[in-house]
Amino acid sequence: RGEALTDPTRAGEYFARRLRDLPHEVFACLFLDTRHRSLAFEELFRGTLDGAEVHPREVVKRCLAHNAAAVILGHNHPSGVAEPSAADRAVTRRLGEALGLVGVRLLDHFVVGDGPPVSLAARGWI
């Protein structure tokens, strides 16, 4: 475990480095302890050029497996346009509800494109 990941800009840059150049959509999670230090990073779902199916049950299972207290989500848009879709917002809402049931805090969800990553939390959607 390293130092706490408390700066949203750094978290977004981390997801951008991991996901920006992938030719297909990938949904990933950064699992954190109670002090927001990294426990693990996993690519959980892989999709096509324009979508990936995300299953809240699987995200919850991986959070519990890592004994995570918090999680940051991220996925890429291979089109390069990082604007969150209605589906992105809906899955974030569903994940937040599911994670809340088991006491895991959803801190943010980043959408990675060609420019700076877009934070759903910064937009008030988390």
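Contact here means heavy atoms within 4.5 Å. Helices (H or I, at least four residues) and strands (E, at least two) are DSSP runs, numbered from the N terminus. Axes are lines fitted to C-alpha atoms, for helices over the stretch in contact, and angles run from 0 to 180 degrees between N-to-C directions.

This is a predicted model, in which local features need pLDDT of at least 70 and side-chain atom pairs count only at pLDDT 80 or more, while totals for chains, interfaces and linings use all residues. Residues are numbered from 1 along each chain as its sequence is written, and side-chain values use heavy atoms, with hydrogens and water left out.

Start with the inventory. The protein has three helices and five strands. Along the sequence they follow the pattern α-β-β-α-β-α-β-β.

Now the sheet. Two strands pair if DSSP finds at least two bridges between them. The five strands form an open sheet in the order β2-β1-β3-β4-β5, and the pairing is mixed.

β1 and β2 are antiparallel, joined over seven bridges. They form a hairpin with five residues between them. In its turn, H36 has a positive phi of about 65°. L32 has S38 in β2 as its bridge partner.

β4 (residues 105-112) pairs with β5 in the antiparallel sense, over two bridges. Here F110 stands opposite S119 in β5.

Next, the helices on the sheet. Helix α1 (residues 8-19) lies across β1 (26-32), β2, β3 (70-76) and β4. It runs at about 45° to β3. Helix α3 (residues 86-101) lies across β1, β3 and β4. Its direction is at about 160° to β4.

Finally, the whole chain. The radius of gyration, taken over C-alpha atoms, is 13 Å; this agrees with a compact globule of 126 residues, which would have a value near 14 Å. That rule is 2.2 Å times the number of residues to the power 0.38. The C-alpha atoms fill a box of roughly 35 × 30 × 25 Å along the principal axes. Of the 126 residues, 44% count as buried, that is, under 20% relative accessible area with a 1.4 Å probe, protein chains only. Among contacts with a separation of 6 or more, 66% come from residues 24 or more positions apart. The protein exposes about 6600 Å² (Shrake-Rupley method, 1.4 Å probe). Carbon and sulfur atoms supply 49% of that area.

Technical notes: Buried < 20%, exposed > 50% of the residue type's maximum accessible area, 1.4 Å probe, protein only.
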